[in-house]
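Hello,

Here is the structure I promised to pass on to you. Have a look at it first, and then read my notes below.

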Amino acid sequence: MEKTYHPEKSGSFIGRHARRKSEVAISPKTSDVSDASYADTAWRETVEPVDDRDADEISLSIDQFTSTLSSIDRKSSPPDVPNEAVETFSKIIESKIVKYYSADGGNKFGKTEEEDARFLESVLRVFKLTSAFGDFEAGAVKTTSLDRMSVVLQRAMLFLEEEFRGLLEGPTEEDTMKEESDRCTLHEAEPNKGEPEFPGYSAEAVARMGRIAGAMVSAGYETECCQVYSIARRNAFSEALRCTEFNWVTIEEIQRMQWEALEGDISRWISAVKRCSTVLFPGERSLCDIVFSQNRAISIGFFSNLARAIIIQLLNFVDAVVLTRRSAEKLFKYLDMYEALRDLVPSIEDGASEESGGELRSEISAAGDRIGEAAVYIFCDLENSIKGDAAKTPVPGGAIHPLTRYVMNYLKYAGEYKDTLEQIFQTNHVLAGSLSSTTKSDKTHNLDKSTSPFSMQLITVVELLDENLEAKSRLYRDPSLRYIFLMNNGRYINQKIKGSTEILQSVGDTWYRMRSTAVRQYHKNYQRETWGRLLQCIGHDGCQVNGKVYKPVVKEKFKNFNTLFEEIHKTQSTWVVNDDQLQSELRVSISAVVIPAYRSFLGRFRQYLESGKQSEKYIKYQSDDIELMIEGLFDGNPNSMGRRRT
């Protein structure tokens, strides 16, 4: 099993390096170094420049001696130490450290890649030599030169540790390009050709970090290296999240918030989660992989621990929000949070360890389930809102009821989250079924068995709205106005369904066609109730007696027609049909029934009425007058009495 580094479980200078590091103390959390470090002026002044022209030859002799030690039985005595070579080699390394430290401007490490590589090779030689001697029994060998080499190794590691920290905490690539006071340590870098997007560092800086980290880990200073990296990156990540303006608030604070304030915090939380998903976690994972490319386990451990620390804080906010009072206006923010959590999972899957990744996925999923469950409660509570709307005052003119507008616009907006709601209701189908107390209608029972829980809930809500509107229609004493009201609202509901591809897909064409049929039936009922009575006035029955036209009956029919038509026109001109197409359809259908019947009656019997004033008394309207007046219906205007054409 791969070893995973856990910085929160590691103490400073512990493990197998505790004894060595106690000799030369330094805190990994500060750039201050002790009197024994390379930064100590007194120590640096004692280091004399060394001519390292013979460094290659000395390095070769050190390598040969180390190889000899490795081939000797560890229970036997080791050979004598070549003190002169070791002493000279130690001075060369110390001299290079002083030279690095004395460099002007910028990081001391990284001036030339070749020089850095030679320095790191020399440091690793020291480590290999001291390690080779460490394998022998205690007290088998002890020389001043070996003690000095051990101190040199510590000083080299201290130097690299501070260089590593300087690179991690120093200027980012963005700082170099832009002098911005509100910069983020991590930023969404412009894509480079074939190069990974680093979190704010130049490729050269990351390469130097990788070389230093590789050397420190190889030299046995893994703990110190990891602590420096962990602290720096956590600070940088926190700074990057600060740029999203998301504030970490307590459960108690959230419970006391008004919705307007909490809504703003939720938006900022969503922004922070999305930035983690798309920029910060991928960038951090990429940085870990490159800096610790020689040890995949360390990279995985770092990313796992960082991701966990951030995600736990993000999930705490979810838990607090879910505990607030549920209300209809919160649904869509809850769904946004659910989607943000769902998209967060892929950003950690590749970088985290199997154990940590599984745990984080489980916790994210659980938080998503909690907010999904709250969303189901809110959405299903729409049924109670409809049932509770029992207004006793009818809407003037049979217009669209405010409840209809509210419910259908709510559903239309919900349709934009169709896939998410389908997923949530599928997960919580038992809960949704228990919350929905509505008895399913015959139409619902005839639906396909494969209808999803969310689709079923949509249909249930609309049918419950139908029942509510049917009850409200009985508030109108005029049966014709009752059908206008049902027609207006039914048409509006159908338009909202048809206008939303997502809702139409959910409820299905078959169910939608049944609704369209119901609206057409309202139209027929209205026409029969209103204009059927008018047509009875101009029926030919009774107009002839023994084969002759009976004028008193004809006169009475004209009189009754005029009176009823004027009454209908006066009343129904104040009624409202908001939809232009429906208004046009109604007028056309009325004209198609009334005009031919009136024209036929007028043409057949007008000649039997006396001319002059008596004729005008009974024949008040021509066919064109009737048509013009029909065009004035359903405008909601009481003064829309048509003017007769001459």
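**What I found**

Of the 646 residues in the protein, 50% are buried. Please keep in mind throughout that this is a predicted model. The protein has 27 helices and two strands. Among contacts with a separation of 6 or more, 80% are between residues 24 or more positions apart. The accessible surface comes to about 31800 Å², and carbon and sulfur atoms account for 47% of that.

In soluble globular proteins, nonpolar side chains tend to be buried together. Here the largest nonpolar core has 124 residues, and the members that touch the most others in it are Trp269, Phe281, Leu411, Tyr526 and Phe558. Another core, of 48 residues, lies apart from the largest one, with Val126, Phe159, Ala232 and Val291 among its members.

**Cavities**

The structure holds two cavities of 30 Å³ or more. By type, the lining residues of the largest cavity are six nonpolar, two polar and three charged.

**Two positive phi values**

Most residues other than glycine have a negative phi. Two residues are worth a look with that in mind. Glu245 is not a glycine, yet has a positive phi of about 65°. Glu245 sits in the loop between helix 9 and helix 10 (251-256). Is Glu245 buried or exposed? With a relative accessibility of 57%, Glu245 is exposed, because the cut-off for that class is over 50%.

Phe634 also has a positive phi, near 65°, and is a residue other than glycine. Phe634 belongs to the segment after helix 27 (623-630). Its relative accessible area is 1%, so Phe634 counts as buried.

Arg587 is part of helix 25 (residues 580-605), and has a relative accessible area of 10%, so Arg587 is buried. Arg587 and Gly632 are 45 residues apart along the chain, while their C-alpha atoms are separated by 8.8 Å.

**Loops and helices in the middle of the chain**

Gly398 lies in the loop between helix 15 and helix 16 (402-415). Why does Gly398 count as buried? Its relative accessibility is 0%, and buried means under 20%. Setting aside residues up to four places away in sequence, Gly398 touches Tyr476, Leu481, Ile484, Phe485, Asn488 and Val576. Gly398 and Ser480 are 82 residues apart in sequence, and 9.7 Å apart in space from C-alpha to C-alpha.

Asn428 is placed in the loop between helix 17 (418-427) and helix 18 (429-435). Asn428 has 12% relative accessibility and therefore counts as buried. Beyond its neighbours within four places in sequence, Asn428 is in contact with Gly372, Glu373 and Val376.

Asn384 lies in helix 15 (residues 354-388). At 43% relative accessibility, Asn384 counts as partly exposed. The C-alpha atoms of Asn384 and Leu435 are separated by 9.9 Å, with the two residues 51 apart along the chain.

Thr130 itself is in helix 5 (residues 113-134). From C-alpha to C-alpha, Thr130 and Leu153 are 8.9 Å apart in space, and 23 residues apart in sequence.

Best wishes

Notes
Residues are numbered from 1 along each chain as its sequence is written. This is a predicted model: local features need pLDDT of at least 70, side-chain atom pairs count only at pLDDT 80 or more; totals for chains, interfaces and linings use all residues. Side-chain values use heavy atoms; hydrogens and water are left out. Helices (H or I, at least four residues) and strands (E, at least two) are DSSP runs, numbered from the N terminus. Buried means under 20% relative accessible area, exposed over 50%, partly exposed in between (1.4 Å probe, protein chains only). Contact means heavy atoms within 4.5 Å. Accessible areas come from the Shrake-Rupley method with a 1.4 Å probe; for residues, only the protein chains shown count as cover. On a 1 Å grid over the protein atoms alone, a cavity is a set of points where a 1.4 Å probe fits but cannot get out, and a pocket is an open set with protein on both sides within 12 Å along at least five of seven lines; lining residues have an atom within 4 Å of a point. Grid points are joined across faces, edges and corners, and a volume is the space filled by probe spheres set on the points. Ala, Val, Leu, Ile, Met, Phe, Trp, Tyr, Cys and Pro count as nonpolar, Asp, Glu, Lys and Arg as charged, and the others, Gly among them, as polar. A nonpolar core is a set of buried Ala, Val, Leu, Ile, Met, Phe, Trp, Tyr and Cys residues joined through side-chain atoms within 4.5 Å.
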